[in-house]
Amino acid sequence: MRSSEHFAILSASGLEPGAGTRRHSRCYRAGSRLRRFSLTAAFSLTLFAGGALAQSGDVAGGGAEEGSGQDLQTLSQDPNQWVMPAKNYASTRYSELDQINADNVGQLQLAWTFSNGVNRGQESIPLVVDNTMYIVGPWPNNLFALNATTGDLKWAYSPPTARAAQGVACCDVVNRGAAYDNGKIFYNTLDNHTVAVDAKTGKEIWHTKLGDINTGMTMTMAPLVAKGKVFVGSSGGEMGVRGWLTALDEATGEIAWRAWSTGPDKDVLIGEDFKPPYDWMKGKDLGVKTWPADRWKTGGGNVWGWISYDPELNLIYYGTGNPGPWNPNQREGDNLWTTTIFARDADTGMAKWAYQTSPHDLWDHDGVNELVLVDLEIDGKTRKAMIRPGRTGYMYVIDRTNGKLISATPYDTVTAYKGVDMETGRIIPNKDLHPDLGKTVKDICPAPPGAKDWQPTAWSPKTKLLYVPHQHLCMNFKASEVGYIAGTPYLGATVDMYAAPGDGYRGEFMAWDPVKKKKVWAIHENFPVWSGTVVTAGNIAFYGTMDRWFKAVNATTGEVLWQFRAPSGFIGQPSVYKGADGREYVAILSGVGGWSGAVAAAELDPRVRNGALGFVGATQDLPAYTKGGSTLLVFALPNSGNGGQGAAARSSGASGNLGRPIQNPPPAQDAGPNAAGGSVPGVLAPNGDGAAIETERGDAPAQ
């Protein structure tokens, strides 16, 4: 899941691994905010040449208070807004705006830009509520409120985030975004605090500490708000952190309930009404009994990914991370409830059902990926389903009322498993590839990031296709003994990643039909596609690449219709909204980093293939294409005279293609022993312009 090598590099750079957290007194917070706000305001003067100063009041377009009285579910269905990271509770990331379409998307231009000032991995998504945009930067996790039409800075909030948190963050100091409800913005800080900020003024409302960085715990996920609660989870599985999901009272920040991922039933919030879909997950205290003695206490299962919610069933859905350590020989058993999908009562937190996708996980195939809630017509019946593109390389379609599998189909190269038993629900490991202690096992596919990591998909009700950004990687793996020391890496593995079989491509953006269980079209990319995506009623899907291209694709055919080269690579998430001028806008943060981009953003030695826990081997050539960045890019069609900002970009020096291509970049290196070979069946590589070749077969790859 994560890169211990990365935080080892950070620690060696003097970033105080294991240092104590600061005491968050109100006096300290006030002083810190004033100092950092002054820097931000000064910076904004340079950024907006002739533009706005930082303000605490509203500017043209209205403030956040208009939406504060609306029900969040209703507000999320307003196509003009983007009020939660996944757009809605079903996590479809679908926008009903259609002003930008296949006929005019080629005219997209840069409307305005903004920099958050931190050139590290930018995984956050821009929220938009009543023409105010909210973005969260990487550590120190500053929050900015911007006029969504003009880009003018309204206010900035700077939490007193402990510097030492950088030293224990395993995979860059990223943040995946904020959430909105009832006039408040909620988000997590790297040093294990959840904060609530007044959406109109930027004033802090509450600030709750949820964990200790001295144990190796951090928080990087985006919250979900529902039923008056803010749902948040922990990171740190590679440090032996015992994972949890916590519900906070939206008004006060007090803990309403906490569900641990391992341990006895009383901790996991499993009661008499818990009904797992398969017999092997039935029994008392399996979160203890499926581990060696006391190993569950450092067993991982962190909740750092996505949460979905079904208001009709009143269930929240989420997945848990990998077990610790990575060396599976030190933790015999199924290791429940790691790599598990949970359905919980939103009010009480009590588990209704659970399904473990990778019992006794061997390869860091976390279960934290998003769950897209859709009703599908399958075999003549409408099923309340959820779709999960798993790290394991299988596309899961699951009945969300009871957790039973409907289908599990490979969508990328899979050698680590022999399939999924549809009778028992258990994945079938390839016994020939078991990582015995001290043995180097080769050609394991997918690699630890899985066929897809955290980067979220999008679902279009028009095409009835799921749009999936993902990677195409395999690895060599060697297990070794490791001891647990709080706040230090707890892994026991040496990994080397490389391109999976094919023509050397390491990433793919594809459209998947969950009913027909097949790939419809695909675009091959040189690097892993680590950005999220969004799809619109204009039949356009947007995504970014690590080598700095932001692309608009015909959602039906996969044809690349427009692309823009940015200052830095993309690992962020795009959002779509309508500005006060009536124009449709598309926003995304540019800034490579995270686990996949550590070699470029953290400037690791590209010759050390097992750096960043093996990801350097897969992306050795990335520094030739990009460095870290911090730029928010906002695009729109040219102004048609309706009072909008116009086609010219609002930012000092921003015009045309912001950031020029690197001249004569070197060709992609041989990324490993499988860089050459047969292509994925039914999928062809794109032409030189990145245009997809639509396939008729679309068959899933053979195992």
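Student: Which strands form the open sheet, and in what order?

Tutor: A strand here is a DSSP run of E with at least two residues, a helix is a run of H or I with at least four, and both are numbered from the N terminus. Two strands pair if DSSP finds at least two bridges between them. In this predicted model, four strands form an open sheet in the order β15-β16-β17-β18, with antiparallel pairing. β15 (307-310) and β18 (351-356) are the edge strands, each pairing on one side only.

Student: Over how many bridges do β15 and β16 pair?

Tutor: β15 and β16 (residues 315-319) pair in the antiparallel sense over four bridges. The bridge partner of Tyr309 is Ile316 in β16.

Student: What should I know about the numbering and the model?

Tutor: Residues are numbered from 1 along each chain as its sequence is written. The model is predicted, so local features need pLDDT of at least 70 and side-chain atom pairs count only at pLDDT 80 or more, while totals for chains, interfaces and linings use all residues; side-chain values use heavy atoms, with hydrogens and water left out.

Student: Is strand β4 buried or exposed?

Tutor: Buried means under 20% relative accessible area, exposed means over 50%, and partly exposed lies in between (1.4 Å probe, protein chains only). In β4 (residues 132-136), five of the five residues are buried, so the strand is largely enclosed by the rest of the structure.

Student: Which way do the residues of β4 point?

Tutor: In a regular strand, side chains alternate between the two faces of the sheet. In β4, Thr132, Tyr134 and Val136 point one way, while Met133 and Ile135 point the other way.

Student: Which strands pair with β4?

Tutor: β3 (residues 127-129) pairs with β4 in the antiparallel sense over three bridges, and Leu127 stands opposite Tyr134. Two residues lie between the strands of this hairpin, where Asp130 takes a positive phi near 50 degrees. β5 (residues 143-147) also pairs with β4 in the antiparallel sense, over five bridges, and Ile135 stands opposite Phe144. The hairpin of β4 and β5 has six residues between the strands, and Asn141 in the turn has a positive phi of about 65 degrees.

Student: What do the totals for the protein look like?

Tutor: The protein has eight helices and 39 strands. Of its 703 residues, 68% are buried. A contact means heavy atoms within 4.5 Å. Among contacts between residues at least 6 apart in sequence, 66% join residues at least 24 apart.
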